[in-house]
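The sequence and structure are shown first.

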Amino acid sequence: MAEDWVFRTVDVSKRYGDTVANDRISLAVRPGEVYGLLGPNGAGKSTLVKQIIGLLKPDSGAITLGPFDLVDDPDAARQLCSYLPQAQMPIDSFKIREAVHITGRIRGGDDGEVRRRGDELIDALQIGEWADTLGARLSGGVRRLTGFIMATVWPGKIVILDEPTNDVDPLRRRLLWEQVRQLGALGAAVILVTHNVMEAEKSVDRLAVINEGRLIAEGTPSSLKAEDRGRLRLELMLEPGAPTPELPEFVLHDARVGNNLVMVIDEASATAGIEWSQRMMDGARAEEYALAATTLEDVYIRLTGHASEEPL
Amino acid sequence: MTTVAESSLGLPQKRSGLGHWLAGFRAMLRWEVTNMRLLLPITMMVQLLSGAGLVIGFGLLISDMPQQTALFLSTGAVVITLILVGVVMGPQLVAQQKMDGSYDFMWALPVPRSASTVAWLVLNVFIALPGMLGALFVAMWRYDVSFAVSWLVVPAILLTLICGTLLGYAMAHSIPRPEITQLVSQFLIFAIFGFSPISYPAENLPGWLAELHEYLPFAQMANMVRDALTDGIATNVGRSYSVVAVWTLFAVGLSGLVLGRRK
């Protein structure tokens, strides 16, 4: 039965004038799956999400969930999808409990059930002490968690979370990921939009990388990392403001975030890499370096040419 | 560990019909009222003061005010407060939602668009009432006039409010950039205050502009409301109702089009 509710986009394309925001994107998410949508800013993730929830219409292609055609039936799309946008929720005048209760009711939840589940989520994310505080007085992190509860107190078959952990402290991030897993366990297809690759690596079952409107890779985190097996990540912290040095030939690919230069090298070049880094430090061009196993971040850099937005 | 009833997930059946509409309407009205609650007392107070202020202000312009003039001006003040609620508050709020990024969340909620719109209209009616009453009571106290209120006051005021609110609403939703929405909204305030024959006779305007106002809704709204509140000042009221009704239908259609549209 569960297979009946697979969520699919097939060749979804969307243009704004000459800009191709989405170029024939096809993907499938099964019920219970946590699916990451990764890509740099402007890659076309938001455009895709807005088409799923019925705010934008694809130029061509299909979006379906089970028997529902979400392009032809935006009302169904809005009922089927719960959505946490990247921007903060407009809850200045709401107490947490009220915001959660009203959105649960708007989503069609039964009064008592919405209250019960809302309170459970407020407890589970440990924000109970602010449950009756007005949104205007909440910290960014607590507002974010409130938004998460609003989006998931009465979840749809698809739950779309756009950067859910922004501003959230490390302890509650962990609690939040637990709840994301719970949504999967309930049978929701969770689509996680993020540019935080490290977090995605730990929390998604599968992921897609989108760049310049195209889906350029898809798979489990470990299948995507397979190509980088036998490689290492060499990270060099440059002197503030220093130009990027000329890279030795053994560097396979690289990206710079601020003063941090992230490179991927073969294991065989490890010694050469360390010696080169040491020379950079001796020449006062770098402050420190680190050599480590490759992560999904390196795959992401290789695919997109960008480092993820949050430096490691 | 949190659990949720399996039934809450997704859609065993797509919800539709009157029950779904009413539930959406109630929930959205609750959302709007709660959303406005910090501002609601201030907004109503500002409405009250602007209604009363307009009436008193007119009195400062004209020292020895004849009764007929007082009636004309104070009913004009009522109409100005009614129109301003619609063309100012809605656009400002939508522009705000677009700027703080909450617009997508609000419009991705599974509520019928018409239910959200009607909830917004109802809120506007309540916000507009104090200003209207304020203008009327201040006029009675300051100029010692008495109004002849007929049952037509209900359709006249509702039609004025619905038309103004929906025009503002459709405008705010159809202009993509919130900064432009705010500029247009400010231009409308200026155009309605200064260049619409609401609190002065249309004859005072250049001929072409007076002619134009025969077909624009604002002067006709004033004529309707004036007719419902006084005896013998307003003429040709049937035509005013027709013009405003056509504009209201246009605003309903435009709102439906704009809100249902996916780019």
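The text below covers strand order and pairing, the helices beside the sheet, and the chain contact.

The model is predicted. In chain A, six strands form an open sheet in the order β6-β7-β8-β3-β9-β10, with mixed pairing. At the edges stand β6 (81-84) and β10 (214-219) of chain A; each has a single partner strand, so one side of each is left without a neighbour in the sheet. From one strand to the next the twist averages 15 degrees.

| Strand pair | Sense | Bridges | A residue pair |
|---|---|---|---|
| β6(A) and β7(A) | parallel | four | A:L84 and A:L161 |
| β7(A) and β8(A) | parallel | five | A:V159 and A:V190 |
| β3(A) and β8(A) | parallel | five | A:Y35 and A:I191 |

The chain passes from β7(A) to β8(A) through helix α6 (residues 170-186) of chain A, and this β-α-β crossover is right-handed.

Is β8(A) enclosed or open to the outside? Six of the six residues of β8(A) are buried, so the strand is largely enclosed by the rest of the structure. In a regular strand, side chains alternate between the two faces of the sheet. For β8(A), one side carries A:A189, A:I191 and A:V193, the other carries A:V190, A:L192 and A:T194, and all of these are buried, which leaves both faces covered.

Helix α1 (residues 45-52) of chain A packs on the sheet and touches β3 (34-38), β6, β7, β8 (189-194) and β9 (206-211) of chain A. The direction of α1(A) makes about 150 degrees with that of β7(A). This helix is mostly covered, with eight of its eight residues buried. Just after α1(A), A:G54 takes a positive phi of about 85 degrees.

Chains A and B are also in contact, with 39 residues from chain A and 31 residues from chain B taking part. On the side of chain B that touches chain A, the elements giving two or more residues are α1 (17-36), α3 (67-100) and α4 (103-107) of chain B. Of these, α1(B) gives the most, with seven residues. By class, this side of chain B has 14 nonpolar, nine polar and eight charged residues.

Conventions
Residues are numbered from 1 along each chain as its sequence is written. Chains are lettered from A and ligands numbered from 1 in the order in which they are written. This is a predicted model: local features need pLDDT of at least 70, side-chain atom pairs count only at pLDDT 80 or more; totals for chains, interfaces and linings use all residues. Two residues are in contact if their C-beta atoms, placed from the backbone, lie within 7 Å. Ala, Val, Leu, Ile, Met, Phe, Trp, Tyr, Cys and Pro count as nonpolar, Asp, Glu, Lys and Arg as charged, and the others, Gly among them, as polar. Two strands pair if DSSP finds at least two bridges between them. Axes are lines fitted to C-alpha atoms, for helices over the stretch in contact, and angles run from 0 to 180 degrees between N-to-C directions. A residue is buried if 20 or more other C-beta atoms lie within 10 Å of its own, exposed if 12 or fewer, and partly exposed in between; C-beta atoms are placed from the backbone. A crossover is right-handed if, with the strands pointing away from the viewer, the path from the first strand over the helix to the second runs clockwise.
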